[in-house]
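Hi,

Here is the structure we talked about passing on. Please open it alongside this note; what I found follows below.

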Amino acid sequence: MATIVLLVLSNLFMTTAWYWHIRGGAAEVEARPLVWVIAISWGIALFEYCLAVPANRIGALNGWSAGQLKIAQEAIALVIFGVFMVVILKEPLHWRHFAAFGCIMAAVGFLFTGK
């Protein structure tokens, strides 16, 4: 459970680090100096690393394979990004998002089958 909680928290930071700067439309995005966006994003991502590395170590120590850790992280990232996209970026969900999510969840199922 600690692995999942840490992966969720790390993905909250990483999604914010990667996408916070594109909200507000093209004019606002263009007005933000890229060097500052990069510096702020790296600062946010530092917290992501402080959570993701222990999540992966704990998972590995509890018998998760690297593939299982990665696919779990991707599934969590997709859920968090979907919420971020709708709530923060104000973009609508389409059937394609749900189809992609289904594919990722199928991949999770395949990697955890027999575990």
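Start with glutamate 74. At 30% relative accessibility, glutamate 74 counts as partly exposed. Keep in mind that this is a predicted model.

Salt bridges first. The count comes to two.

One of them joins glutamate 74 to lysine 70, with N and O 2.8 Å apart. Both residues belong to helix H4, which covers residues 66-87. They sit four residues apart, about one turn of the helix. Lysine 70 is partly exposed too, at 47% relative accessibility.

Arginine 32 and glutamate 28 also form a salt bridge. Their closest N and O atoms are 3.0 Å apart. Glutamate 28 is partly exposed, with a relative accessibility of 41%. As background, side chains of opposite charge can pair when their charged atoms come close.

Now helix H1. This helix runs over residues 2-19, 18 residues in total. From first C-alpha to last, H1 reaches 26 Å. That is close to the 26 Å expected at 1.5 Å a residue.

Which residues of H1 are buried? They are Thr3, Leu6, Leu7, Ser10, Asn11, Met14, Thr15 and Ala17. These residues cover an arc of only 165° around the axis, so they lie on the same side of H1.

What covers the buried residues of H1? The cover includes helix H3 (34-61) and H4. H4 is also the helix that holds lysine 70 and glutamate 74.

Best wishes

Technical notes:
Residues are numbered from 1 along each chain as its sequence is written. This is a predicted model: local features need pLDDT of at least 70, side-chain atom pairs count only at pLDDT 80 or more; totals for chains, interfaces and linings use all residues. Side-chain values use heavy atoms; hydrogens and water are left out. A salt bridge is a side-chain nitrogen of Lys or Arg within 4 Å of a carboxyl oxygen of Asp or Glu. Buried means under 20% relative accessible area, exposed over 50%, partly exposed in between (1.4 Å probe, protein chains only). Helices (H or I, at least four residues) and strands (E, at least two) are DSSP runs, numbered from the N terminus. The expected span of a helix is 1.5 Å times one less than its number of residues. The arc is that of the directions from the helix axis to the C-beta atoms. Contact means heavy atoms within 4.5 Å.
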